Amino acid sequence: MADLQPRILIADDDHMTRLLSTESLSVEGFRVLEAADGQQAVDLLIANRDIDLIMLDLHMPRLDGFEACRKIRQLNPWLPILVVTSSEDAGAVDKIYEAGATDFIIKPLHWPSLPYRLRYMIKSAEMNRELMAVVQASPARIFKVHASGMVTPVQSMLGRAPMFGKRREESALLQHIRPHGFAQNDNPDRRRQFEYADEDFELQVEGEERNYRATYVSLGVDEQLVFVEDITERKRSEQALISARDTAEKALQARGLFLANMSHEIRTPMNGVIGMTSLLEATRLDHEQREFVETIRSSGTSLIRIINDILDYSKMDAGMITLDVTTMDLEECLFDAIDMVQLLAEEKGVDISLSFSASAPVVIEADATRLRQILINLLSNAVKFTDAGRINIRVTTGSEVADGESCQLAFQVSDTGIGIPAERLNRIFDAFEQADLSTTRRYGGTGLGLSICRKLVELMGGNLCVESQEGQGSVFSFSVLTRVIHQYRPGRRARGPLAGNLSVVTTDDYMLKLFEGCAERWSMTLNHLTPALISPSLEDCLPLIVDDDSLTPDQLAKLEQLPHPHSILLLKKKSRIYHGPLQTMIKPVRGTRLFEWLHGNLHVAPAEEVAVLARPDIRVLLAEDNEVNQRVAMKMLQKLGYDATLAADGEEVLAAMDHASFDVVLMDVQMPRLDGLAATRIIRTRADGPQPYIIAMTANAMKGDREQCLEAGMNDFISKPVTMESLRRGLEEFLHTH
């Protein structure tokens, strides 16, 4: 880069001209060297490589201006050369430029303007050198294109020859490149609007197909720069990526199809196993038979849980899970989860307790199925790894939340189990990891549950964490983002103040806290009694709630002798059998059921029915192709109080509806001849008569299965294996809306 005092070499055989030039330019801040002829100028340039510009007279001894210019240009192709001449002949001017001069000036010189011209030439030369550095570094071949069609390689113009082995490529490119847009825009004003354009093309170079991208940049009215880049490898990489993406998408589709088929093939026979087991449990069985049936049920439930874990993990890994947010009863969801592990906990002598903060909402908007799944998984682990003591569930919010507001709902599941070693805490949520390598064989499971829970919690806008000490138990905490809807309780009596005393006999601190919360929510006064106070005088405390674990057999007998035993509620474990006169309820007690019991015994008129009872007049059509599942579903419907008509496939469904009308259709999705989706679409196109309420029953459990059923025109969705509870809920949902 030229410094603040540019160095000028003046080559002229006239001493006075050199002297005058030196004095004039020195005053303007130039440093000047002098040469008396062309050869001396060349020698000085060789000795002084930092010269910024040469003023060269044409007519000099030894080496004239033309020859000197050629030699200088060989030494430095970028050095500005200003030729000084007295001739204005066009032929002489052409020779000056052919010799390599940058510009020329006519004698006599105009000294006031000369410094400006020299600085401009030096600056232009500096910019050309920088441009040359860019061109040299560019991987693209650069061409200058004229509107006439002439194409010139810029690298050659700037002194850069084609790279070794690339001459044939440049020759092929010269034959391909043409002016872009000039033919369509003959009007100069319109041509001036052109600024930038891209073009991809292919060429055969030395027998190989190569891909190129030409970028055209306008230089003005009649010229363009064309940057041509070899994009063959990029194209190949893009094609490889596209091929890999297509392969991955096909693999993902194949995996989704495999998972759906596997789900269907496994769940279909398991539906028969678990369904028949639940029906068998409702029959008269001796102790040994009941033990066998419970073993079958427990094993089937464990197998279904493992299948669900594998399917859920695969679906999450493929991004195939979405949330189904609905209005849900928070307390019912928690107790549904507790019910799943209650028997095993009681067999191990482990108590399960539940507590709500005063600010915890009653009804929320969330994915009830996924929230229940998280709770069941955490509770199952707590029961599995706890041999004695207690499991406690606590639900809290940071503060009271008004109806319709969003909040982070916090859950805490604590146990007194084996705990988790400190070195494994940071890996406990990884797939296929458990607290101890030996636990897989001792306790069973896939090691996927906590990994699935964490992903589900994150999907629900929260986070899952754990605190634990080996040998002292664990505390799993998680939160979900939800919206509070206090006042809405479908199919339930509205909460409200009960007034009066809530009389409780218990020695359990956890249960006492539960009743304290209930009393606060129901505007009642808690009357805490000890078992020692049980006597005939307790008649004044009726209705009375009693914890059977707090009583001795003698104290229980005294309670049974009190008048009005229907006003005494005995809270017992699920596995404990009681045949006495007292009313019973399973622990941990559901607040809604306790509320209803108190309503009845305090003689408070209910706001609405607690639940909808079965209506035998409802006409049900069952569509199921599997014979075992047919028997299971028909038996379940009978026990729920419904008579049903059977159809083995979609065509039989349509035939049955041609001869009779049905209120509810329980529609299996995968059936021979005509599947459930196709049959539903046909039913929905029929205009004659009322439309039935169609409930899908499917063993598929993939993303989109529910949506696919609803899009076909179905009203509800039940996953297999179908249980009495899921079937009852599906039918109750119909009764609620009709």
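Is Arg70 buried, partly exposed or exposed, and at what relative accessibility?

**Exercise 1. Classify Arg70, then examine its pairing with Glu67.**

Solution. The model is predicted: local features need pLDDT of at least 70, side-chain atom pairs count only at pLDDT 80 or more, and totals for chains, interfaces and linings use all residues. Residues are numbered from 1 along each chain as its sequence is written, and side-chain values use heavy atoms, without hydrogens and water.

Step 1. Buried means under 20% relative accessible area, exposed over 50%, and partly exposed in between (1.4 Å probe, protein chains only). Arg70 has 35% relative accessibility and counts as partly exposed. Glu67, with 37%, is also partly exposed.

Step 2. A salt bridge needs a side-chain nitrogen of Lys or Arg within 4 Å of a carboxyl oxygen of Asp or Glu. Glu67 and Arg70 meet this with 2.9 Å, N to O.

Step 3. Helices (H or I, at least four residues) and strands (E, at least two) are DSSP runs, numbered from the N terminus. Both residues lie in helix H3 (residues 65–75), three residues apart, so about one helical turn separates them.

**Exercise 2. Find which parts of the chain the salt bridge of Asp57 and Lys107 ties together.**

Solution. Step 1. The N to O distance in this salt bridge is 3.4 Å.

Step 1. Asp57 sits in strand E3 (residues 53–57). Lys107 sits in the loop between strand E5 (103–106) and helix H5 (114–137). The pair therefore ties together parts 50 residues apart in sequence.

Step 2. Asp57 is buried, at 5% relative accessible area, whereas Lys107 is partly exposed, at 33%.

Step 3. The whole structure has 30 salt bridges. Glu208, Arg210, Asp230, Glu233 and Arg236 are linked in a network of them.

**Exercise 3. Describe how helices H18 and H22 cross, and which residues meet.**

Solution. Step 1. Axes are lines fitted to C-alpha atoms, for helices over the stretch in contact; angles run from 0 to 180 degrees between N-to-C directions. The axes of H18 (residues 627–639) and H22 (residues 724–737) come within 10 Å and cross at roughly 60°.

Step 1. Contact means heavy atoms within 4.5 Å. From H18, Met636, Leu637 and Lys639 meet Met724, Leu727 and Leu731 of H22.

Step 2. Sort by class. Ala, Val, Leu, Ile, Met, Phe, Trp, Tyr, Cys and Pro count as nonpolar, Asp, Glu, Lys and Arg as charged, and the others, Gly among them, as polar. The contact has five nonpolar residues, no polar residues and one charged residue.
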